[in-house]
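Hi everyone, thanks for making time. I'd like to walk you through one structure today, so please have a look at it with me.

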Amino acid sequence: MHSVSKVHFAILIIAIIVAGISQGMLLPVLAIFLEKMGVSSTLNGLNAAVLYIGSFGMTLVAERLLGILGFKKLMLGGLLLVLITLPLFPLYPSIIFWFVLRLLVGVGDSAVHYSAQLWVLMMTPSEHRGRNLSIYGMSYGIGFSIGPLGIKLLDWGVYAPFLLLAGLFLIVVILVIWKLPHGTPEKTATDEPAQRRFTKSYSWAWYALIPAFLYGYMEAAMNSNFPVYGLRVGFSTSDIAFLLPFIGIGGLILQLPLGILSDRYGRKKMLMICGGLGGLLFLFVPMAETNMIAIAAIFALAGGLIGSFFSLGLAYAADMLPKVYLPAANVLASFHFNAGSIIGPALGGKGIEMGSPASLFWVLGGCYMIFAATGFIFKEKSK
């Protein structure tokens with residue numbers, strides 16, 4: 001298959017930025033709509049989780065579709081699906097209809113992520129894997145940080161954020177059609193069935209795949225549940241729109257340095273350090289109450305440490321697995337990410353509804369600290 005040139009890599013980065021904007025915008029904007037419509041926080045969280053159910057469904061067939069369609073066609077299909085779906089949200093403000101639309105957006109975003117991510121992963125030499133995947137992760141972080149600003153576009157009308165986002169997807173579609181080459185994953189001689197590749201990938205690299213779950217849990221819970229948490233503890237919608245991007249901003253600042261450090265000192269060590277410190281910081285959020293500066297600082301630091309979890313985990317798995325197993329490992333990482341993204345909003349919403357908004361951060365912080373401790377019992381296997 002074609003290697004990723006600088007131009008191709010740049011287009012992949014632009015595609016991921018726009019995909020990040022879509023997820024970063026839809027979660028809080030629709031959460032605020034539903035909260036103002038009087039929908040319970042549990043149902044609000046479940047509605048947000050549908051996005052990731054669609055994404056999860058896509059991961060079940062992603063490896064096979066990629067082998068049939070190739071990187072470019074799979075990415076293009078995902079982009080077009082989201083482009084067509086976005087303008088429909090403000091047309092029919094119904095929770096049932098939004099379930100269907102979010103499902104479709106999840107399928108489309110997952111197709112874009114899977115194809116772009118695996119393309120970068122397979123074409124990057126191991127000595128630069130942490131750096132390049134960190135750049136990839138930073139790009140998603142940029143988009144995800146920009147996304148919540150869509151709340152401010154609501155001042156221009158309910159259609160404004162959705163139409164602007166659809167326009168961005170149209171630009172990416174044109175770039176992909178115009179510049180990206182066709183290509184499929186390399187075929188490596190193996191008699192192993194797909195199920196065996198998945199089983200071996202998981203048994204050898206399970207610790208490297210957990211970060212994808214934790215990152216998905218954090219991302220979805222923060223963007224779906226924090227707006228509800230914020231409104232209930234006394235923040236305004238403008239305050240929430242101001243605070244949410246700090247998680248992504250922290251990731252943008254630290255993701256590349258952490259990726260480079262992981263190339264030099266080891267990915268397991270960096271994952272354990274980031275998980276332990278990031279989890280501790282999340283536990284401090286309820287103590288800050290409505291102190292904007294304190295919460296912004298905590299979000300920036302925690303987001304910086306946790307923002308590289310998905311890319312570092314995937315790079316760590318690639319270090320341990322033979323190349324023929326990378327598509328399977330990528331599917332497993334996406335599976336974990338989506339599982340975390342489904343569980344996060346539902347669990348966080350239930351905790352808020354039961355009268356304990358702070359539980360959102362107690363559970364989040366505890367999960368990251370347990371992950372860090374688990375690193376002491378994980379032993380790497382050679383390829």
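Let's start with Phe 169, which touches Val 18, Ala 19, Ser 22, Leu 79, Val 82, Leu 83, Leu 86 and Asp 109, not counting residues up to four places away in sequence; contact here means heavy atoms within 4.5 Å. Please keep in mind that this is a predicted model: local features need pLDDT of at least 70, side-chain atom pairs count only at pLDDT 80 or more, and totals for chains, interfaces and linings use all residues. Residues are numbered from 1 along each chain as its sequence is written, and side-chain values use heavy atoms, with hydrogens and water left out.

Phe 169 sits in helix α6, residues 160–179. Helices are DSSP runs of H or I with at least four residues, numbered from the N terminus. Is Phe 169 buried or exposed? Its relative accessible area is 0%, so Phe 169 is buried. For that term, buried means under 20% relative accessible area, exposed means over 50%, and partly exposed lies in between, with a 1.4 Å probe and protein chains only. One of its contacts, Leu 83, is 86 residues away along the chain, yet the two C-alpha atoms are separated by 5.8 Å.

On a 1 Å grid over the protein atoms alone, a cavity is a set of points where a 1.4 Å probe fits but cannot get out; a pocket is an open set with protein on both sides within 12 Å along at least five of seven lines; and lining residues have an atom within 4 Å of a point. Grid points are joined across faces, edges and corners, and a volume is the space filled by probe spheres set on the points.

How many cavities of 30 Å³ or more does the structure hold? There are two. The largest cavity has about 260 Å³ of space. It is lined by 17 residues, and those nearest its centre are His 113, Gln 117, Tyr 140, Phe 310 and Phe 337. Two or more lining residues come from each of α3 (95–123), α4 (129–146), α12 (309–320) and α13, with α3 giving the most, four residues. By type, the lining of the largest cavity has five nonpolar residues, 11 polar and one charged. In this count, Ala, Val, Leu, Ile, Met, Phe, Trp, Tyr, Cys and Pro are nonpolar, Asp, Glu, Lys and Arg are charged, and the others, Gly among them, are polar.

The second largest cavity holds about 160 Å³. Its lining has 17 residues, and the closest to the centre are Phe 144, Tyr 215, Met 218, Ile 247 and Gly 248. Helices α4, α7 and α9 (245–265) each supply at least two lining residues, and the largest share, five residues, comes from α7. This lining divides into seven nonpolar, nine polar and one charged.

There is also the second largest pocket, with a volume of about 220 Å³. Among its 10 lining residues, Thr 59, Leu 60, Val 61, Phe 198 and Val 331 are closest to the centre. Here α2 (41–85) gives the most, five residues, and the lining has seven nonpolar residues, one polar and two charged.

Next, two serines. Ser 311 is in helix α12 and is buried, at 6% relative accessible area. Its side chain makes a polar contact with the side chain of Gln 255, at 3.3 Å. A polar contact is a pair of N or O atoms within 3.5 Å; within protein, one must be able to donate a hydrogen and the other to accept it, and residues adjacent in sequence count only if both atoms are side-chain atoms. Ser 308, in the loop between α11 and α12, is buried at 0% relative accessibility. Leaving out residues up to four places away in sequence, Ser 308 touches Gln 255 and Leu 258.

Last stop: the loop between α10 (267–288) and α11 (292–306), where we find Glu 289. Glu 289 is exposed, with a relative accessible area of 57%. Its phi is near 50°, a positive value in a residue other than glycine. Most residues other than glycine have a negative phi. Further along, Asn 291 caps the N-terminal end of α11, with a side-chain oxygen 3.2 Å from the backbone nitrogen of Ile 293.
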